[in-house]
Amino acid sequence: AYLKSYTLEKVYIVAGPEFGELKDHILVFAKVLYGLKLSGQRWHDCLHDCLTNLGFTPCKAEPDIWMRKSENGNKWEYIAVYVDDLALAMEDPQSIIDALSSSPYNFKLKGSGEISFHLGMEFTRDPDGTLCLGSSKYIEKMVETYMRHFGKKPSQVVTSLIEKGDHPE
């Protein structure tokens, strides 16, 4: 993702023997390299420009949540951004995927489709189509780490974040 962004810093190398006839030439980078101090900011700026051109605006409370009214104006569409991971919440996510992967943006998107796992969380749907969020894989990893450190399983504690029968919507 970072290679889509242009650097504002002057970054160069002196080419080594692996560059063949360009050995000892000074090569200047125009695009951002992963790991530079401002690479993340340049990527964010690039994505900001793309999403703005597509009609999205950042949320005032959380600037990595982008939103716009749908074409018919009766629903909101959302894009949640975490570095270079995007989660889309809209009726026609394929239209955004198509827009980002075609000219002028030409992003190379992978893993597009119905959300099933994102940022350590599992996503499923109830029989009625309600989107559900879970963290069983994360918890399993935490238990494995605990067992490695302490040589035994942690004692089990049952907690509930939501009262039974509660509807947080």
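I took helices (H or I, at least four residues) and strands (E, at least two) as DSSP runs, numbered from the N terminus. By that rule, tyrosine 12 is found in strand E1.

I noted the ground rules next. The model is predicted, so local features need pLDDT of at least 70 and side-chain atom pairs pLDDT 80 or more, while totals for chains, interfaces and linings use all residues. Residues are numbered from 1 along each chain as its sequence is written, and side-chain values use heavy atoms, without hydrogens or water.

**Sheet.** I looked up an open sheet of three strands, antiparallel, in the order E7-E8-E9. Two strands pair if DSSP finds at least two bridges between them. E7 (117–118) and E9 (131–134) each have a single partner strand, so one side of each is left without a neighbour in the sheet. E8 (residues 121–125) pairs with E9 over four bridges. Threonine 124 stands opposite cysteine 132 in E9.

**Pocket.** I searched a 1 Å grid over the protein atoms alone; a pocket is an open set of points where a 1.4 Å probe fits, with protein on both sides within 12 Å along at least five of seven lines, and lining residues have an atom within 4 Å of a point. Grid points are joined across faces, edges and corners, and the volume is the space filled by probe spheres set on the points. The largest pocket holds about 1,100 Å³. Its lining counts 35 residues, with Leu86, Ala87, Leu88, Gly111 and Ser112 nearest the centre. E6 gives the largest share of that lining, five residues. Elements supplying at least two residues each include H1 (39–53) and H2 (93–101).
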